[in-house]
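Me: I am new to this structure and would like to learn how to read it feature by feature. Could you take me through it step by step?

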Amino acid sequence: MLPTLLTLGNVICGFAAIHYAAKPIEDSAFGFSTLSFAGALVFLGMFFDAIDGSVARLTRSTSDLGAQLDSLADVITFGVAPAFMTLRLVSHYYSPADGHTILGPADNAYAKVLWAIAAFYVCCTALRLARFNTEVRSDKEEDHLYFKGLPSPGAGGTVASLIVLHQYLVHTYNGIEEGLGFARIAALGIPLVTAITAFAMVSSIRYSHFANNILRSRRTFPGLIRVVLPVLIALWWPRETLAAGFVLYALSGPVLAIIRYRRPIAAKPSI
């Protein structure tokens, strides 16, 4: 029951994130904007998603039901919720009804493109998880060291962390929205990031399973520093660290693929 409850916790976090994202953007609990609170719930769902599989293996309670339930939860928390957060963010600054109306396919041309990107992202998340379920070899940890395509938590975390950082900068630095137009301009970049991560999910680019590789790595002092240092930095700059970490992870797949592709060419002797 415990792994199932953890997975259902992920479902609830995704549903709650959509609930808060649907509200007009204003200050909410703990001094966060409603959209920032939605992003925090996505990260809480990511925590449940990270530990439910490990708990299932430790308690020897892995099952096909748990695997399918986990994918359904991920579609909600890392697919529907980030896509809806993107719609809510852009609608706040570009909706004709003072930001209270969420743009959709029946509005202007830009709204049609924005809605199509969000819908495409949700579809790619579902396809990514369906492909994972059919290609995974076993429940053993050694078969979960790499992903084919950007994993849905990585994609959802990238979108959500950038939205949370956007909201933090806008609500923390007075005058940044009115003086520089930062909020409106930066909001237009979020749909682009959403589209790129959608393509990355259905690609064949290999991504490292960050958590499992850390757990399997040798317990050396340099390895400990690589884990502790980001945690310490996150204590001072949590939003900036999350955004930078997820963006770097999303870029790691293509960068490492280019390095692996060029390495044999560089080693080939010239005639």
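This is a predicted model: local features need pLDDT of at least 70, side-chain atom pairs count only at pLDDT 80 or more; totals for chains, interfaces and linings use all residues.

Me: How long should H2 be from end to end, given its 25 residues?

Reply: The idea is to compare an expected span with the distance between the end C-alpha atoms. At 1.5 Å a residue, the 25 residues of H2 should span 36 Å, and because its end C-alpha atoms are 36 Å apart, the two values agree. Helix H7, which covers residues 182–201, can be read in the same way: its 20 residues reach 29 Å from the first C-alpha to the last, close to the expected 28 Å.

Me: In what order do the elements of the protein chain run?

Reply: The protein chain has ten helices and two strands, and from the N terminus on they follow the order α-α-α-α-β-α-α-α-β-α-α-α.

Me: Which residues have the most contacts inside the largest nonpolar core?

Reply: This core has 47 residues, and those with the most contacts inside it are Leu35, Val42, Met85, Leu89, Tyr121, Leu150 and Ile163. Among the elements that give two or more residues to this core are helix H1 (2–21), H2 (34–58), H7 and helix H10 (238–267), while the largest share, nine residues, comes from H5. Taking the protein chain as a whole, 39% of its 271 residues count as buried, and in H7 the buried residues include Ala183, Ile190, Pro191, Thr194 and Met201.

Me: Is tyrosine 207 buried or exposed?

Reply: A residue is judged by its relative accessible area, and under 20% it counts as buried. Tyrosine 207 is at 1% relative accessibility, so it counts as buried. Tyrosine 207 lies in strand S2, residues 206–208, and its side chain reaches the backbone oxygen of alanine 250 at 2.7 Å. Tyrosine 207 and proline 254 are 47 residues apart in sequence, yet their C-alpha atoms are 8.7 Å apart in space.

Me: And what of leucine 235, is this residue buried or exposed?

Reply: The cut-off for exposed is over 50%, and leucine 235, with a relative accessible area of 62%, is therefore exposed.

Terms used
Residues are numbered from 1 along each chain as its sequence is written. Side-chain values use heavy atoms; hydrogens and water are left out. Helices (H or I, at least four residues) and strands (E, at least two) are DSSP runs, numbered from the N terminus. Buried means under 20% relative accessible area, exposed over 50%, partly exposed in between (1.4 Å probe, protein chains only). A polar contact is a pair of N or O atoms within 3.5 Å; within protein, one must be able to donate a hydrogen and the other to accept it, and residues adjacent in sequence count only if both atoms are side-chain atoms. The expected span of a helix is 1.5 Å times one less than its number of residues. A nonpolar core is a set of buried Ala, Val, Leu, Ile, Met, Phe, Trp, Tyr and Cys residues joined through side-chain atoms within 4.5 Å.
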